[in-house]
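Here is a short briefing for a reader new to this model. It covers the contact between two chains, then a few single residues.

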Amino acid sequence: MKKKTTEKKGHVVAWINKAEWDQVLEYLYSKDCALQKYALHRISAWKGRFAHNTPIAVESTADLVRCQILDRSGKLDADDLVLLYGTALMRFVNLITERQQGKIARPLRRLASNLKIPEWIVNLRHDITHRKLPTLKWCRKGCKFVLEWLQQEYWSRQLGSGLAENWESQSEGEDGEDELQRQEDELITRQKEIESYKKARELLISFEKEQFQTFEGFLEEDKQASLWPEPSADMSWILAQIKHFALESSEILIDALIEDGFMVPTIEQLVSLSVDNSDPTAPHLPRVVLRFWLPLLKDLNSQLFIHLLLEKLFVELQQLSEDNQKHRSFYIAGWISEVILCNSNKNEYHYESKIQRKARLKDKIFMKRIQLRWQQLLAACLNAPCMATPHLLQQILEDMEHPMPLDTRQKLLRLSSIYTQGADSGCDPPMEHSGQPSGIYTLESLHERLRVQSRRQVYMMHPGIVSDSRKALPERTEDFQEHLSPDVLAERAAELRGSPWQVCTDKVQWKNYPLGKVPGQSEDPSCLMVDNFSTIMVFDQQVEMENATQHNAHAGVSMPHRITTDGLLWTHNDISKLKAGLQLF
Amino acid sequence: MKVQKSLPKTKQTSKRQQCNDKWFKSNRIAKNPDSSNLSPSTAMAKLEHRASNLRKDKPNLKRLKKGAKAVSFRPVKTPAATERTPSRPLTNGGAGGPEQGSDSDESQDWSSFAKSVLHQNGGGESMEGQESCVSTKAAPGRIEEEAFVHCAERDYIHNRTVLVMQQGQTLCFRGKCLLSCLYGRVEVHGFTLEEGQQSYPLFSPSSHCPLTVTALGDSPNPSKTKKAGRLEAKAIVRKYLSTETRRRLLSEVDSDSCVILLEPLDTPLTRFLNSFPDLKEVFGLSSRDIRESSAMLDTPLSGLGITPLRKTARGMVMSQTYREALNGLVNACAEELDGCPVILVCGAKNVGKSTFNRHLINTLLNHTASVEYLECDLGQTEFTPSGCLSLSTVREPLLGPPFTHQWAPEHMIFYGQSSCETDLDRYLESLKSLWRLYNRETPIVINTMGWVKGFGFQLLVDIIRLFSISHVVQLSSGDKVMCPQLTPEFLRSSHGWQTHPPVQSALGEDNSGTHPAQRSYTLFRIHSEFEGAGRPGEMRHQRSNEQRDLALLGYFSQLQSPEPGPVRPLHCFTPYQVPHSAVAVGVTHCEVAPTHVLYTANASLVGLCCLNEKVSGRGSPVLLSQTPVCPCVGFGVLRGVDMARGLYFLVTPVAPSILRQVNCLLLGAVTLPNTLLTGQTGILGDPPYVTMDYSFELTGAGKLHVFKGLVRPGQMKNAK
């Protein structure tokens with residue numbers, strides 16, 4: 001479902017930065033109970049941030065460290081401690097093996113051994129759950145071992161230990177078993193794909209061979225004739241096979257087709273077909289190459305196939321435009337242009353002779369105009385900027401079923417030709433009179449233009465397209481900072497007057513400060529510690545806000561109650577005591 | 001079957017028009033000028049304004065004239081109830097006075113509508129399903145590719161499309177747009193739009209069932225001939241299209257066709273969502289549309305931001321029971337013998353509760369100016385980010401999923417988690433205190449949570465008892481029984497969490513007048529038959545956590561300026577500041593060591609709440625010792641903490657006049673969408689709380705994860 005490994009985005013965690021993580025790790029494993037307690041408190045804050053996403057390892061570590069602290073405090077009996085240790089250990093074993101569990105329950109022992117957790121720890125868990133409780137000594141031993149294990153397997157390897165390759169694969173809690181199943185499925189489909197790909201190549205090679213033979217024989221006969229002989233029996237058989245193959249896996253067939261050596265001929269092939277290359281801005285497929293493949297394409301020209309072919313060609317073109325392979329992109333663009341041309345409904349052939357017309361139609365892959373997905377094509381075309389883009393774009397724009405407004409078309413063409421640096425060659429005459437200043441080659445002026453003139457129209461009409469062509473331009477640093485006008489500031493201030501709230505009037509470039517950071521904040525992970533605080537205990541409130549005066553009508557009496565503590569930490573005991581105290585009122 | 005259905009329908013319409021014709025004429029005069037003579041530039045700005053601030057300030061919203069009648073439907077409106085929101089006229093067409101019909105007239109209108117709902121919807125579906133039977137008629141059913149050539153025309157200059165629909169034709173689409181009805185009547189998700197009304201934003205994202213616009217036709221007026229109607233419709237088309245483009249359309253227009261205007265929709269919400277790479281396609285096609293290639297990509301509508309769907313894509317599927325329930329409830333609202341109906345909608349997860357709620361509210365809004373809505377579902381909230389319980393007054397139709405209408409409710413209580421199981425009492429207490437604020441003068445729809453087993457069911461029983469429900473709608477799907485039928489008899493003997501059945505005295509005393517809670521109610525049972533009913537959605541943006549994130553993004557999109565311009569990330573806004581000692585901070589979902597509480601609060605989502613107590617902390621932070629039930633006025637992001645000066649910085653769309661009352665910030669398990677933190681651009685240094693290096697490969701790095709339905713090896717053998 002999720003396929004986003006290309007662009008690595010950060011993952012949201014509960015610690016501000018690595019320093020905070022390091023501090024907690026250090027304190028957790030220190031010998032000093034006060035520091036350990038500090039770390040536990042910080043983890044309690046992390047749990048608040050993480051909500052339901054607290055890592056199991058963090059939670060388990062905290063539980064076990066808590067036991068150690070209580071043990072060392074000497075306030076609890078051995079029996080109390082066994083229960084505490086028992087719960088922590090049991091939870092650790094259960095939770096840590098949970099992800100290893102498949103659809104069918106497997107013995108914990110085996111799961112644990114996969115994780116390098118020795119059997120005696122698992123036995124300890126079994127003892128705690130359904131046998132005689134272990135002794136305190138064993139509990140302490142187990143706790144010590146597990147804490148070490150956690151340090152080794154989780155804490156010391158986490159964050160920046162160079163293990164973070166495919167970290168998104170497991171995020172958001174995907175099921176382990178699904179993962180396995182999926183991998184298996186993927187493998188199978190992969191295998192199948194490879195096989196059919198091989199087959200596609202074989203078929204195409206045999207087609208090529210046959211064609212080359214006919215071609216050679218035909219070269220000898222008559223160089224001028226534009227007519228290729230009727231397909232031989234062998235050829236019809238090959239074609240039938242290819243057609244059959246395309247029924248099932250046209251996608252793979254197309255993949256193979258647009259490989260080098262097929263629809264994109266190699267230099268050798270070109271030599272044997274006696275073709276030489278030409279202008280890259282106006283991709284025009286050599287007729288021979290077209291005719292070479294024509295029998296096959298004519299056979300396959302379902303609407304679906306054409307859609308797919310165009311789509312794949314554009315994808316290919318996009319990739320090529322990135323690695324700059326001229327030869328290949330010339331042919332890919334040529335084929336695109338050819339296909340679109342076939343679909344064209346232009347009537348500029350009024351004056352041709354019957355023979356010319358016949359010849360022209362003969363070179364067409366298909367006759368009947370089909371419904372292309374113009375919007376998608378347009379987007380694809382813009383996504384694959386190359387030398388030929390202005391040419392292709394023009395073809396598409398002219399041919400669209402519901403053409404865009406003229407000026408939008410012109411702007412798009414202009415933009416694309418600027419982007420591909422073919423401004424002089426790619427432009428059409430009608431664009432020149434649109435009265436643009438010629439010095440529009442800087443990004444700023446272009447951006448300005450886009451914004452001022454065409455934002456309304458172009459953007460509203462074709463949000464997708466414009467954002468696409470924008471994407472192609474490098475990001476211009478826009479001023480995102482919110483500037484409140486004096487009027488707004490005054491208005492807000494007036495509305496807030498008399499309350500503790502204010503609009504922040506510090507001269508701060510807030511756009512420079514991410515959420516969670518303020519000017520002057522230190523990098524020290526203990527910068528947010530609260531030294532002094534007061535607590536307030538309130539009862540349920542009446543929800544209706546307007547009638548604050550007659551508040552205790554329904555919802556009980558409210559009674560503020562404050563305890564001021566100076567730097568003293570609350571233990572959970574204290575909290576529960578406070579809660580118990582609630583009933584006194 | 002189709003023919004039989006359509007026959008009474010025509011009768012129906014003729015009956016309808018009798019009560020409609022009164023307002024018809026006056027309406028015609030009042031409309032149009034404002035929409036037709038807008039210059040292109042101001043038009044855009046107006047649309048913008050209209051769409052974004054629909055809720056906040058609607059100087060001249062228009063509603064069916066029947067809406068105006070609803071005043072008499074319950075004439076006493078206490079001024080106190082409207083005190084908070086700026087007072088607005090309930091009659092919103094500007095012609096409220098003359099057509100105050102008599103009671104009988106009105107109820108006739110109601111019931112006739114109810115019947116027409118039944119018929120139209122029934123007709124609509126069979127039209128789609130059995131095209132062959134009716135194909136010779138004026139092409140009812142989904143508008144298909146070829147038809148667009150004839151019935152739609154794009155105006156490139158103003159960038160809008162005029163679409164002529166014949167009675168019964170439907171347009172099912174993905175995307176977003178602004179819809180105005182120029183002539184006739186169309187229906188969208190239960191809501192009827194008539195000519196002359198304001199335009200409404202429609203949102204049909206890929207995550208939900210696509211919206212369908214159905215042409216209802218113009219109910220012919222006896223005083224008006226067919227020809228006059230046709231001329232009028234043509235005049236309207238002429239007004240909106242230039243000479244060369246309108247020719248084709250004019251031949252399509254007839255007196256009973258509908259003419260609608262579709263315009264692109266660009267609001268702070270859509271701009272804000274579009275600024276996140278992962279959400280660019282929210283209003284695009286769903287993977288299923290693509291797989292089944294049901295999208296018509298090349299139509300005159302394509303440049304507007306909507307994509308019509310072919311017949312292969314199913315719109316909303318309404319089962320027979322669904323229509324009956326809807327019909328019954330509309331009738332119930334018409335009768336109003338003893339107070340307004342209190343409608344409770346319940347059912348397990350993913351059976352279509354929320355879709356039904358929206359449909360019901362929209363349908364009721366055809367008749368009444370407002371409907372109350374009580375949210376009892378913490379997870380899939382309709383008007384607020386999740387984790388909140390709320391009471392809303394709904395005045396606008398709901399023509400999109402929840403994240404497209406994050407409107408501030410009249411009253412809200414912050415609970416802090418997306419399910420209530422950790423504190424059932426606080427949940428019920430919160431609901432009770434919201435219930436006390438319901439004025440009982442308008443119909444109310446109560447949405448409940450999908451937890452219908454164990455304690456969840458007990459809570460449901462409590463809600464029915466405590467809130468004197470008059471109608472229960474119980475949705476179910478498939479054959480699996482998720483919870484018992486909530487018949488009044490069943491309820492008489494079942495235990496709730498707080499309430500218990502009356503003690504059956506041995507004598508025949510019975511529960512006559514002693515237990516007011518035992519008031520009986522009507523039960524409607526709906527069997528959902530749409531595909532995938534009862535199962536969670538699997539497509540993109542369908543998962544519940546994605547929906548929650550979208551709701552929050554929808555909420556915070558209110559910060560964006562209504563004028564088009566750069567989309568500002570949250571950290572770029574000028575924050576509000578407040579001293580630590582003036583607001584209390586509380587964590588609702590777990591115990592956090594007080595000295596470390598700011599580590600939880602920093603850069604977190606906070607509920608802005610109001611305590612009656614004065615909060616003052618002698619210069620130091622004030623912490624809540626436990627979570628009270630208290631009013632919440634909105635949400636904010638605690639953008640940062642200035643330790644040196646003792647200030648909290650807060651970014652919130654809540655208006656300053658309301659913010660001034662806030663003295664408590666509550667934190668919950670509902671967190672900010674990750675994209676808000678990871679996607680911050682233009683900042684100095686690395687963003688806090690974001691790391692590239694966290695490895696999920698390591699054991700224990702993931703969250704707690706519960707496998708349900710683990711099979712034991714022994715069970716396996718038995719199965720074989």
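A salt bridge is a side-chain nitrogen of Lys or Arg within 4 Å of a carboxyl oxygen of Asp or Glu. Between chain B and chain A there is 1 salt bridge. This is a predicted model, where local features need pLDDT of at least 70 and side-chain atom pairs count only at pLDDT 80 or more, while totals for chains, interfaces and linings use all residues. Residues are numbered from 1 along each chain as its sequence is written, chains are lettered from A and ligands numbered from 1 in the order in which they are written, and side-chain values use heavy atoms, with hydrogens and water left out.

**Polar links between the chains**
- Arg645(B) forms a salt bridge with Asp506(A). Their closest N and O atoms are 2.5 Å apart.
- Chain B and chain A have 44 residue pairs in polar contact, both residues at pLDDT 80 or more. A polar contact is a pair of N or O atoms within 3.5 Å; within protein, one must be able to donate a hydrogen and the other to accept it, and residues adjacent in sequence count only if both atoms are side-chain atoms.

**Extent of the interface**
- Chain B brings 139 residues to the contact, and chain A brings 136 residues. Contact means heavy atoms within 4.5 Å.
- The two chains bury about 12900 Å² between them, 59% of it on carbon and sulfur atoms. Buried area is the accessible area (1.4 Å probe) lost on putting two parts together, summed over both.

**Strand pairing across the chains**
- Strand 3 (residues 532–536) of chain A pairs with strand 21 (residues 622–624) of chain B. The sense is parallel, over 3 bridges. Two strands pair if DSSP finds at least two bridges between them.
- Strands (E, at least two residues) and helices (H or I, at least four) are DSSP runs, numbered from the N terminus.
- Ser534(A) stands opposite Val622(B), in strand 21 of chain B.

**Positive phi at two alanines**
- Ala51(A) is not a glycine, yet has a positive phi of about 55 degrees. Ala51(A) lies in the loop between helix 2 (33–50) and helix 3 (56–73) of chain A.
- Ala51(A) is buried, at a relative accessible area of 17%. Buried means under 20% relative accessible area (1.4 Å probe, protein chains only), exposed over 50%, partly exposed in between.
- Ala603(B) also has a positive phi of about 55 degrees. Ala603(B) is in the loop between helix 18 (597–601) and strand 20 (605–609) of chain B.
- Ala603(B) is buried, with a relative accessible area of 3%.
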